[in-house]
Amino acid sequence: MKAYFDDVIADGVTYSLEHLNPFYLKFFGEKISKEITLKILYSDHCFTARKNKSDSNSERCFNLERYELSKLLPELIAKMNNGSVLVFQTSARRNFAYVVKTTLYDKDYNIFFEVRKRNTSNPDCDLVMRIESAYVFDEGKSLEYTGKIRFLILCQKIYLGEKIQCRK
């Protein structure tokens, strides 16, 4: 199988990105009495950062901290298949964040994602979850969110096309 991302070579070291190949997560939706298949995709923001943080147009480059954290993503995402996992709606409203304390840097790891109904390019699943970005905040920064919702409820509401209402 072809890798989703090519390996990255930085400072003469090759970094494999095979851990960010798409995978599938299945769960039984109690609300809809159906098994849902969720396809997980990642963006390059999980292992790159802006060269110049103060310039939103600056190019992105390989970031070793984000890369090391990205190795945790498949396992962390798989653990979201649990009825108690809460996610936070961001101020952008279309994105959500899953926040996990990691032992790697002893900081909150913020995993930003969007879930959508499948389209014709993804006929092998019910929903597509795209991990838009994942990183720890700089000192003094924190997540601002508009509400929270259980992850499995969020997925079922999106599957049904229902309005997403998050609790404060």
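**Notebook: strands, charges and a core**

I started with K34 and looked up its accessibility: at 28% relative accessibility, K34 counts as partly exposed. The model I am reading is a predicted one.

**Entry 1: the partner of K34.** I then checked the side chain of K34 for a charged partner. The side chains of K34 and D126 meet in a salt bridge, at 3.4 Å from N to O. K34 lies in strand β4 and D126 in the loop between β9 (108–117) and β10, so this pair ties together parts that are 92 residues apart in sequence. Is D126 buried or exposed? I found a relative accessible area of 15%; the limit for buried is under 20%, so D126 is buried.

**Entry 2: strand β4 and its neighbours.** Next I looked at the strand that holds K34. Seven of the nine residues of β4 are buried, so the rest of the structure largely encloses this strand. β3 and β4 run antiparallel and are joined by seven bridges. I noted one of the pairings: F23 has I40 in β4 as its bridge partner. With β10 (residues 127–135), β4 pairs in the parallel sense, over five bridges. There I noted that Y42 stands opposite I131 in β10.

Entry 3: β3 and β4 form a hairpin with four residues between them. Phi of S33 is near 50°, which is a positive value in a residue other than glycine. S33 counts as exposed because its relative accessibility is 56%.

I found another such residue elsewhere. D11, in the loop between β1 (8–10) and β2 (13–15), also has a positive phi, near 50°. D11 is exposed, with a relative accessible area of 84%.

Entry 4: How many salt bridges does the structure hold? I read a total of 11. One of them joins E162 to K31, with the closest N and O atoms 3.3 Å apart. E162 lies in the segment after α3 and K31 in the loop between β3 and β4, so the pair ties together parts that are 131 residues apart in sequence. Both ends are partly exposed: E162 has a relative accessible area of 30%, and K31 has 42%.

I also looked up E114 and R116, whose side chains meet in a salt bridge at 2.9 Å, N to O. E114 is buried, with a relative accessible area of 11%, whereas R116 counts as exposed at 51%. I then returned to K31 and E162: together with K157 they are joined into one network by salt bridges that share partners.

**Entry 5: helix α3.** K157 took me to α3 (residues 151–160). Seven of the 10 residues of this helix are buried, which leaves α3 mostly covered. Among the buried ones are F151, L154 and K157. Just after the helix, G161 takes a positive phi of about 75°.

Entry 6: Nonpolar side chains tend to be buried together in soluble globular proteins. I then went back to Y42 and listed what it touches, leaving out residues up to four places away in sequence: the list includes Y4, F5, F23, L73 and I131.

**Entry 7: rings.** I counted 11 aromatic pairs in the structure. F5 and F47 form an edge-to-face pair, 5.1 Å centre to centre with 80° between the planes. F5 sits in the segment before β1 and F47 in the loop between β4 and β5 (48–50), 42 residues apart. F5 counts as buried at 14% relative accessibility, and F47 is buried with a relative accessible area of 5%.

F113 and F151 also pair edge-to-face, at 5.8 Å centre to centre and 80° between the planes. F113 lies in strand β9 and F151 in helix α3, so this pair ties together parts that are 38 residues apart in sequence. F113 counts as buried at 0% relative accessibility; F151 is buried too, with a relative accessible area of 0%. Ring pairs also link Y4, F5 and F47 into a cluster.

The charged end of K117 sits over the ring of Y159, 5.2 Å from its centre.

Conventions
Residues are numbered from 1 along each chain as its sequence is written. This is a predicted model: local features need pLDDT of at least 70, side-chain atom pairs count only at pLDDT 80 or more; totals for chains, interfaces and linings use all residues. Side-chain values use heavy atoms; hydrogens and water are left out. Buried means under 20% relative accessible area, exposed over 50%, partly exposed in between (1.4 Å probe, protein chains only). Helices (H or I, at least four residues) and strands (E, at least two) are DSSP runs, numbered from the N terminus. Two strands pair if DSSP finds at least two bridges between them. A salt bridge is a side-chain nitrogen of Lys or Arg within 4 Å of a carboxyl oxygen of Asp or Glu. Contact means heavy atoms within 4.5 Å. Rings of Phe, Tyr and Trp (its six-membered ring) pair if their centres lie within 6.5 Å; planes under 30 degrees apart count as stacked, over 60 as edge-to-face and the rest as tilted. A charge sits over a ring if NZ of Lys or CZ of Arg is within 6 Å of the ring centre and within 35 degrees of the ring normal.
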